[in-house]
Amino acid sequence: MATGGKVGILVGGGPAPGINSVIGAATIRCVLDGMEVVGIRDGFEWVMRGDISKVVSLTTENVSRVHFRGGSVIGISRANPSIEPDGIRKTLESLRRLEIDKLIVIGGDGTATQSRKLGKAARGAVRIVHVPKTIDNDIDLPAHVDTFGFQTARHIGVEVVKNLMVDAYTTSRWYIVVTMGRKAGHLALGMGKAAGATLSLIPEEFGGKRVRMRVIIDTLACAIIKRLHQGRLDGVAVIAEGVLLALHPADLALLGQLQRDQYGNVSLREFDTADLLKQAVIRRLKEFGVSSIIVPKSIGFELRCADPIPADMEYTRDLGYCAAKYLLDGGSDVMVSMQAGQFVPVPLDNVIDKRTGRAAMRVVDIHSARYAIARRYMIRLRRDDFEDPKAIAGMAAIAHMSPAQFTRHFKYLVRAEPPPLQLVSRA
């Protein structure tokens, strides 16, 4: 049994379903070993300024049922001690004054970076474990290991997209749906593929290169034209917000003066990204005499604090238990993970990208079978469309073009199309 000291729990970054489940499971496991547990409110916000008044006692009685609910019972923030003057030292001093010598940090890639820096500076005075969470699913874990909150967010998102698909069909319109995913398209692709949306757009398909707005707009416009050729007026496109952040600087400049938050991240909140895309697609279609009813929809904040689905409830209780047990057994400086039903500690040093000094990102593997299958079910221009004279003639007619003109205008869209998926060797 662990003796002495105190266990602290804090949450950084943005919300994700399952946070409370981690808090509850970790607290109960620590209490079973006779440890006192406190929740540090609002992430690093107060302790990095030397304020130790924003803490709350966590007991079995007050956490035993919190795993059912979304949000965070101890709040959350994106406060970053490493960019505040003397923030790391003040954080460690606050923990010392609180008599906390074991710390569970729940957060995403940015918070993982802070956990590592804090652990290095503490030099063993505070043992730290990190529990990875993000609905973006972009922390660099093995491909089959989701970050907690992702499955719940996708589940809720699919329900929304499914209803929009029915509405689109009923009312003969298109929906352009923009969802969260600044650096990776796991959520947008997961929602779109599961729901059977008409197409999904994610930043990874552009190969890490800056993309021109024209490519995004033409992809959407041609999907509408192809759908019309197939006799349908409706469709739903699911787009990761990171697609817009991947724009070429010249096109970003056309959006006006982009604001950044206090941590340097480009903020798109002052823009209605879905509406911006809608207006641009409508203008592009009008150039070819094509009209379509398009409705913009953003899905984001309503996913982050949803009550976790059972898969995330069980997953996060495992993570919370393992985080607490690892600390109590003397461990430190790892990110906890569950892989194939087994606890696997990942050293925080291994989480960091040596080039950037920040936590490495996991993006969608566009060379995987999973992505190839998703692309095959999307309705968008494909390389084989241009090998089918009848299809090109039909789409060209809708756009009031000749086949040659249509090919000249839009064949560039398929240059980066992944090769067809081969499941049986043709050697």
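Helices here are DSSP runs of type H or I with at least four residues, numbered from the N terminus. The model is predicted.

**Surface patch**

By that numbering, Val424 sits in the segment after helix 16 (403-410). Val424 is exposed, at 61% relative accessible area. Val424 belongs to a nonpolar surface patch, together with Ile373, Tyr377, Leu421 and Leu423.

**Nonpolar cores**

In soluble globular proteins, nonpolar side chains tend to be buried together. The largest nonpolar core in this model holds 111 residues. Ile104 and Phe406 have the most contacts inside this core. Helix 7 (residues 213-229) supplies the largest share of the core, with 9 residues. Another core lies apart from it and has 18 residues, including Phe44, Leu103, Val105 and Ile128.

What does Ile104 touch, beyond residues up to four places away in sequence? The contacts include Val7, Gly8, Ile9 and Leu10. Val129 and Val131 are also among them, as are Ala323, Ala324 and Leu327.

**Strands 4 and 5**

Strand 4 (residues 102-107) pairs with strand 5 in the parallel sense, over 6 bridges. Ile106 has Val131 of strand 5 as its bridge partner. Is strand 5 (residues 127-132) largely enclosed or open? Of its 6 residues, 5 are buried, so strand 5 is largely enclosed by the rest of the structure. In a regular strand, the side chains alternate between the two faces of the sheet.

Gln114 is found in helix 4 (residues 109-122). Gln114 is buried, with a relative accessible area of 5%. Leaving out residues up to four places away in sequence, Gln114 touches Phe44, Asn80, Pro81, Ser82 and Ile88.

Ile28 is placed in helix 1 (residues 19-32). Ile28 counts as partly exposed, at 24% relative accessibility. Beyond its neighbours within four places in sequence, Ile28 is in contact with Thr60, Val63 and Ser64. Ile28 and Thr59 are 31 residues apart in sequence, yet their C-alpha atoms are 7.1 Å apart.

**Salt bridges**

Side chains of opposite charge can pair when their charged atoms come close. The whole structure contains 25 salt bridges. The table gives some of them.

| Pair | N to O distance |
|---|---|
| Asp86 and Arg89 | 2.5 Å |
| Glu93 and Arg96 | 2.5 Å |
| Arg380 and Glu205 | 2.7 Å |

Asp86 is partly exposed, with a relative accessible area of 41%.

Glu93 and Arg96 are 3 residues apart in helix 3 (residues 87-97), which means about one helical turn separates them. Glu93 is partly exposed at 29% relative accessibility, whereas Arg96 is exposed at 53%.

Arg380 and Glu205 are both buried.

Arg214, Asp218, Arg284 and Glu287 are linked in a network of salt bridges.

How values were computed. Residues are numbered from 1 along each chain as its sequence is written. This is a predicted model: local features need pLDDT of at least 70, side-chain atom pairs count only at pLDDT 80 or more; totals for chains, interfaces and linings use all residues. Side-chain values use heavy atoms; hydrogens and water are left out. Patches are made of residues with over 30% relative accessible area and no salt bridge: like charges are joined within 9 Å, nonpolar side chains (Val, Leu, Ile, Met, Phe, Trp, Tyr) within 5 Å. Accessible areas come from the Shrake-Rupley method with a 1.4 Å probe; for residues, only the protein chains shown count as cover. A salt bridge is a side-chain nitrogen of Lys or Arg within 4 Å of a carboxyl oxygen of Asp or Glu. Helices (H or I, at least four residues) and strands (E, at least two) are DSSP runs, numbered from the N terminus. Buried means under 20% relative accessible area, exposed over 50%, partly exposed in between (1.4 Å probe, protein chains only). A nonpolar core is a set of buried Ala, Val, Leu, Ile, Met, Phe, Trp, Tyr and Cys residues joined through side-chain atoms within 4.5 Å. Contact means heavy atoms within 4.5 Å. Two strands pair if DSSP finds at least two bridges between them.
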